[in-house]
Amino acid sequence: MGLITTVNDSSATPLRVPAPSGDASQDSWVTSRLDFLVNWARSSSMWPMPFGTACCAIEFMATAASRYDLARFGMERLSFSPRQADVLICAGRVPFKLAPVLRRIYQQMPQPKWVISMGACASTGGMFDNYAVVQGIDTIIPVDVYVPGCPPRPEALMYAIMMLHKKVQTERMSDKSLRREIEPDTESLLYIPPSTIDELSEPFGNSVHQTRSAP
Amino acid sequence: MSKRTIEMAVGTAGIDAYGQPIRAPLSVRSQGALALEAPYEPELESDHMLINIGPQHPATHGVLRLVLELDGETVVRCVPHIGYLHCGFEKIGEYRQYNQIIPWTDREDYLNSIGNNVAFVLGAERLFGIEITPRCTVLRVIAMELSRIMSHLVWMGTTCIDIGAFTPFLWLYQERENLYNLLEGWVGARLTTTATRVGGMAAEIPDGWMDGLNAFIRNFPKTLNESDKMLSKNGIWMGRTVGIGALTAEEAINCGMSGAMLRASGVAYDVRKDFPYLDYETYDFDVAVGTSGDVYDRYLVRVEEMRQSIRILEQAVQRLPDGPLNVDDPRVILPPKTKATSQMESMIHHFKLVMEGPRPPIGEVYVPVESPKGEKGYYLVSDGTSKPVRWRIRPPAFVNLSAIPRMVEGHLLSDVIAINASIDIVMGEIDR
Amino acid sequence: MTASLPPYESPVPGSAREAAGLPDPVTPRYIAHQGGPENPSVAALRERFGVAVLRSHVMWGDTTVFVDPKAVHDVIRFLRDDTAHAYNYLVDITAVEYRDTDQPLEVVWHVRSLPWQRFLRIKVELAAGSALEVASVTDLYAAADWLERECYDMFGITFNGHPDLRRILMWDTYNEGHPLRKDFPLRGRFSRAEQLSQALKIDTSGGYSTTELSIAEAFNDLPEDMKQRLRAARAVDPAALALPEDGR
């Protein structure tokens, strides 16, 4: 499916299983202090690129507005240009017609970049299990944090942002594999071919009943 | 005649997945016109530029894409592209029972979710031949008017941002948060309410809810007046909106405009007055009508509509009767939960209603309501089974948007943003 | 978008109804499933068009009139232009396909008379297996433009005379069919992986229609690979989307 993934792996392992990379003890005191400083700076002022399409975008606006006030996270500067953005917040459903646009915007963002998938539709397709909607944006771009909800409350989005902060704070500059974009490795044991994914995503249980048009 | 074309793609040139640069020419010039050997004579009046706005652009209110041909800064032609949020609502409605469709109506015009819930069940109830109770009627009026205010608040806030005023957005969103709290107290959700059921409502209003509503009715006009004072006579605001994107009454009717778009052009067409539902003819309210049909009049009409909604809310609070909320019709209304868990007949009844769904007689209905965007109607066709053959949404914003070439052509590029904002588009409803 | 405007004196809705002394509209209650007062325009249509008006019925208070597919344009033009009816407002154009595929596919026009405050549903039946073609009403109502395009996109009904009949909600090269037809599965014809890979193949930078490229007369100026891409992208239906070689 042409999936690009950003992984923390060391490709030397025979199974190519993503493993926690490196060993913190190998880093010197200086680099770890520097990491701390850089990560503190990065996480304290992430410029979001709001890819708002539907209902979740309204809740994103509520989060950015007066009561919830994203400025507390240093995020009040919404970067509508992907070139100046740090975190892509995909808020809302993504139909197939929009898929290449989303991917293009992700590609235009400079590294380091992170993605928050806001809401059920962006994360899994949600209630739109039909011909038009991408079943989760992680089939197009890598995602760091998924926010459940339809739409998620502003508190949920803020929790996701704080989770992302934690993730950023554990990153280390010495980790060479951190921001490498790779194509899915068909040789890996973890690779699932698209046909299998199709099979796995077939309806089951009550949803079989729901895909019949008349009783 | 030299033609110079500048193409601006969705973004600019980038790197594709394989690390190869994506070719997107930023500047294309025609044969020989700008070549060094040819004498270069600038013919500014013949230079046309192709500008692409969207699909991801903050001022398009979603994922609208506009391709504009510019002569200097003047729009000569406009080709809108939609469908970037097409999610197959109408298809999926054919696979769902009537009560199961209600959650989809939330997500289609998501600024006006509770109004859509009411609009849909009005259609479904006519298809079932159900007359709702007086208390339910008044509660639905309250729901629809709250929803109208909610939608107009977002419209006004985002339009302010588009035209360059940020502060009203913050004030208006504060009021919207108060409305969210009210809805949350009633049905448990802020945005996607699913507040109605065929034959009634999902829930009775909780104790003390009316106090919250009364406080909102008291306090909201203050905020509205402040924003009104800040914008209506503001020189920048008027300079950006007066005389922009005007449509005559005949044009607006012929283009199928509805809602504030049509009323700003001087046609007092309001579904609440012309094809009443929910006893709207018994409420005392005025229909705001503009004169020139430009962006400024649309703004004034919407502000006045919010004031009239407050008037309707005041009357509805006064007349809210006691009595049952749901109709006494076992065909559509579930038995009480306590009975469903203790009596076998009620449990079977509950099971059959949930699993098989209520079945309307063969027929078709189209019931229009006045949504904040204009005339919204649900066209339902039943073949006697528990799922509709066709669930058609008549999208007001879709028809309103289709006239955007007529409105923007001849105006400046910056006016396109103001005109587009004045249509009050919601892509979820346009693309469905 | 060059619809001629109908004769229209007063933009006040309900003016003709008030002049005729009819009562104000009220919320309808206890509507009968079938039967009830028929819209008076149907009688006028029968008188004017005779056998082209096939039948009519009143269901849940709304009048539906079935007309001959060949006469539908004339019928709508008469309803719009005759001041005794003045259906000046086009509400909706859509289609209905029934689950029983032997039943004909119906094209539905919802028209409304603002002066008379009347509503009429006009239907045309297209027999199963016949060509799905009706006349376009874009010359009468500018509102019909996108509504007909959507109907074409979702059902595959061709509106003869529409100036720019192409897909509107799905992309130009969408090749799974017409989604709202009953033979179209809910999840589409292709597998999810195939749908996604086809969607990702849409070139966002080359995604201009030929109309737009002719706007700027830019097609000939494009680099050769982009021309090829555009040609290939539109190779599905070369007749409908033939690329102008001169870029005009």
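A nonpolar core is a set of buried Ala, Val, Leu, Ile, Met, Phe, Trp, Tyr and Cys residues joined through side-chain atoms within 4.5 Å; buried means under 20% relative accessible area, with a 1.4 Å probe and protein chains only. This is a predicted model, in which local features need pLDDT of at least 70 and side-chain atom pairs count only at pLDDT 80 or more. Residues are numbered from 1 along each chain, and side-chain values use heavy atoms.

The largest nonpolar core holds 224 residues, and A:Leu88, B:Ile82 and C:Trp109 are among those with the most contacts inside it. Helix H4 (residues 134-163) of chain B, a DSSP run of at least four residues (H or I), gives the most to this core, with 16 residues. Another core, of 21 residues, lies apart from it and includes A:Phe60 and A:Met75.

C:Glu97 counts as buried because its relative accessibility is 11%. Two polar partners of its side chain are tabulated; a polar contact is a pair of N or O atoms within 3.5 Å, one able to donate a hydrogen and the other to accept it, and residues adjacent in sequence count only if both atoms are side-chain atoms.

| Partner of the C:Glu97 side chain | Distance |
|---|---|
| C:Arg181, side chain | 3.2 Å |

Chain B is divided into domain 1 (4-81) and domain 2 (89-431), with bounds from an automatic or database domain assignment. Between domain 1 of chain B and domain 2 of chain B, four residue pairs are in polar contact (both at pLDDT 80 or more).

Technical notes
Chains lettered and ligands numbered in written order. Buried < 20%, exposed > 50% of the residue type's maximum accessible area, 1.4 Å probe, protein only. Helix = DSSP H or I, 4+ residues; strand = E, 2+ residues; numbered from the N terminus.
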